[in-house]
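This report describes one protein chain, taking a few of its parts in turn. Look at the sequence and the model before reading on.

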Amino acid sequence: MSTIDTLDRRLILALIEDPRAQIAELAQRLGVARNTVQSRLRRLERTEVLRHGGREVDLEALGYDVVAFMTLEVVHRELDAVVAGLRRIPAILEAHEISGRGDIWCRLAAADTHELQAALRSVLRLRGVIRSETVLALHAHIAYRADQILRGSIEAAAH
């Protein structure tokens with residue numbers, strides 16, 4: 001696979017921020033020719049950095065191959081402040097308020113374990129976090145998907 005450079009990263013970010021952006025808009029926004037955007041998009045899709053028509057980004061291909069799941073226990077009156085703090089930590093991909101053991105579940109991605117450790121320390125410094133438990137993902141057997149649930153609902157509606 002070819003090296004992902006700053007322009008590729010800016011292009012991917014522009015697509016995340018505006019998934020419906022046209023080639024001409026992306027070229028103008030990035031300050032490059034339309035042909036440059038088209039060829040970069042084709043390469044990113046061919047190498048599967050961008051999948052499903054650009055709607056999904058392979059973070060591992062961008063160098064973020066350490067994935068972890070973190071469960072937090074928090075002081076309930078500080079929940080909103082903790083969530084606001086989590087939003088400021090770039091390694092946090094998503095956070096959910098949960099039932100059961102713990103209060104918040106987070107998915108994180110990092111380039112290496114040192115970067116992950118720095119993110120975990122940032123989380124633990126948030127006021128209101130009591131304790132955390134972190135596990136590393138070793139392999140994704142089923143990636144995030146919505147197609148199966150939609151197929152099921154369509155089939156159910158047809159019967």
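The loop between α3 and β1 (50-51) contains E48. The model is predicted, and in it E48 has a positive phi of about 65° although it is not a glycine. Buried means under 20% relative accessible area and exposed over 50%. E48 has 47% relative accessibility, so it counts as partly exposed.

A109 counts as buried because its relative accessibility is 7%. Leaving aside residues up to four places away in sequence, A109 touches L59, Y64, V66, A91, L93 and E115. A109 and A137 are 28 residues apart in sequence, and their C-alpha atoms are 9.9 Å apart in space.

The table sets the two accessibility values side by side.

| Residue | Relative accessibility | Class |
|---|---|---|
| E48 | 47% | partly exposed |
| A109 | 7% | buried |

In soluble globular proteins, nonpolar side chains tend to be buried together. The largest nonpolar core here has 21 residues, and L72, L86, I104, C106 and L108 have the most contacts inside it. Two or more residues of this core come from each of β3 (66-74), α4 (79-87), β5 (104-110) and α5 (113-124). With five residues, β3 gives the most to this core. Another core, of 17 residues, lies apart from this one, and its residues include L15, L26, V37 and L41.

What does L108 touch? Not counting residues up to four places away in sequence, L108 touches V66, V67, A68, M70, A91, I92, L93, L116, A119 and L120.

Two packed helices are described by the angle between their axes and the distance between the axes. For helix α1 (residues 6-17) and helix α3 (residues 34-46), the axes come within 11 Å and cross at roughly 85°. Angles of 65 to 115 degrees count as roughly perpendicular, so α1 is roughly perpendicular to α3. On the α1 side the contact is made by L7, D8, L11, I12 and L15, and on the α3 side by T36, V37, R40, L41, R43 and L44. The residues of this contact divide into seven nonpolar, one polar and three charged.

The last element is helix α6 (residues 147-158). At 1.5 Å a residue, the twelve residues of α6 should span 16 Å, and this agrees with the 17 Å between its end C-alpha atoms.

Terms used:
Residues numbered from 1 in each chain as written. Predicted model: local features only at pLDDT ≥ 70, side-chain atom pairs only at ≥ 80, totals over all residues. Heavy atoms only, no water. Axes fitted to C-alpha atoms, helices over the stretch in contact; angles between N-to-C directions. Helix = DSSP H or I, 4+ residues; strand = E, 2+ residues; numbered from the N terminus. Parallel < 35°, antiparallel > 145°, perpendicular 65-115°, else oblique. Contact = heavy atoms within 4.5 Å. Nonpolar A, V, L, I, M, F, W, Y, C, P; charged D, E, K, R; others polar. Expected span 1.5 Å × (residues − 1). Core = buried A, V, L, I, M, F, W, Y, C linked by side-chain atoms within 4.5 Å. Buried < 20%, exposed > 50% of the residue type's maximum accessible area, 1.4 Å probe, protein only.
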